[in-house]
Amino acid sequence: MQSIFNPETYQEILNRVENLNENAQPNWGKMTVGQMASHCQIPLNVILEKEDYGLKPNWLIILLFKKSMYNDKPWRKNMPTPKRFQVIETKDFNTEKQKLVTLLNELHEHKEKNNWQPHPAFGKLTKDQWGQMQYKHLNHHLTQFGV
């Protein structure tokens, strides 16, 4: 499975983000491309310990969702997004894209780090699990917008 900590995968994600434009339309879902770029910052803010978004461990979420984070099976389209992760306000695409790239670059600077804090909802994760989760989320939404 791919990981955002792999330099080639990181570059692939950056290239795909760069290929987005403000006129991109989703293949599914309700978000605009600006909202998607904002939404994709949330897990990056979590791993970089910038925000925790009020996440708390939940055994049901762990049981049902955690395994789907670490396999090559794509997430299904139109999965419900928890309310605290929904971006419903209008977002300027260019601003949000730059923020996303900045967070990706910041995370890449820590690619050699092996000791990551526990995830606020999923608990202890390995470096591989953190990297795979970040990739899978970004891949899902970039695919949603055709890049």
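**Entry 1: Lys73**

I began with Lys73, which counts as exposed at 62% relative accessibility. My cut-offs here are under 20% relative accessible area for buried, over 50% for exposed and partly exposed in between, with a 1.4 Å probe and protein chains only. I found Lys73 in the loop between α4 and α5. I also looked up its spacing to Lys136: the two are 63 residues apart along the chain, and their C-alpha atoms are separated by 9.4 Å.

A note to myself on the source: this is a predicted model, where local features need pLDDT of at least 70, side-chain atom pairs count only at pLDDT 80 or more, and totals for chains, interfaces and linings use all residues. Residues are numbered from 1 along each chain as its sequence is written, and side-chain values use heavy atoms, with hydrogens and water left out.

**Entry 2: the whole chain**

Next I stepped back to the fold. I counted six helices and zero strands, where helices (H or I, at least four residues) and strands (E, at least two) are DSSP runs numbered from the N terminus. Along the sequence the pattern reads α-α-α-α-α-α. The radius of gyration is 14 Å, close to the 15 Å that the globule rule gives for 147 residues, so the chain is as compact as a globular protein of that length. For that value I used C-alpha atoms, and the rule is 2.2 Å times the number of residues to the power 0.38. Taken along the principal axes, the C-alpha atoms fill a box of roughly 40 × 30 × 30 Å.

I then checked burial and surface. Of the 147 residues, 47% count as buried. The accessible surface comes to about 8,400 Å², and carbon and sulfur atoms hold 51% of it; the areas come from the Shrake-Rupley method with a 1.4 Å probe, and for residues only the protein chains shown count as cover.

For contacts I took heavy atoms within 4.5 Å. Among contacts between residues at least 6 apart in sequence, 83% join residues at least 24 apart.

**Entry 3: the aromatic pair**

How many aromatic pairs does the count come to? I got one, using rings of Phe, Tyr and Trp (its six-membered ring) with centres within 6.5 Å; planes under 30 degrees apart count as stacked, over 60 as edge-to-face and the rest as tilted. The partners are Phe5 and Trp116, stacked at 5.4 Å centre to centre with 25° between the planes. Phe5 lies in the segment before α1 (7-18) and Trp116 in the loop between α5 (93-108) and α6 (127-144), so the pair ties together parts that are 111 residues apart in sequence. Phe5 counts as buried at 8% relative accessibility, and Trp116 is buried too, with a relative accessible area of 7%.

**Entry 4: Met69 and Phe65**

Back to the loop between α4 (59-65) and α5, where I found Met69. Is Met69 buried or exposed? Met69 is buried, with a relative accessible area of 4%. Leaving aside neighbours within four places in sequence, I listed Met1, Trp75, Phe122, Gln132, Met133 and Lys136 as the contacts of Met69. Asn45, 24 residues from Met69 along the chain, sits 17 Å away, C-alpha to C-alpha.

Phe65 is in helix α4. I have Phe65 down as partly exposed, with a relative accessible area of 26%. Beyond neighbours within four places in sequence, Phe65 is in contact with Trp75, Met79 and Phe122. I also looked at Phe65 and Lys136, which are 71 residues apart in sequence and 13 Å apart in space, C-alpha to C-alpha.

**Entry 5: His141**

I moved on to helix α6, which holds His141. This histidine, His141, counts as buried at 7% relative accessibility. Which residues does His141 touch, not counting residues up to four places away in sequence? I wrote down Met31, Met36, His39 and Cys40.

**Entry 6: backbone notes**

I looked up two residues with a positive phi. Glu49 is not a glycine, yet has a positive phi of about 60°. Glu49 lies in the loop between α3 (41-47) and α4 and is exposed, with a relative accessible area of 54%. Asn78 is not a glycine either, and its phi is positive at about 65°. I placed Asn78 in the loop between α4 and α5, where Asn78 is exposed with a relative accessible area of 51%.
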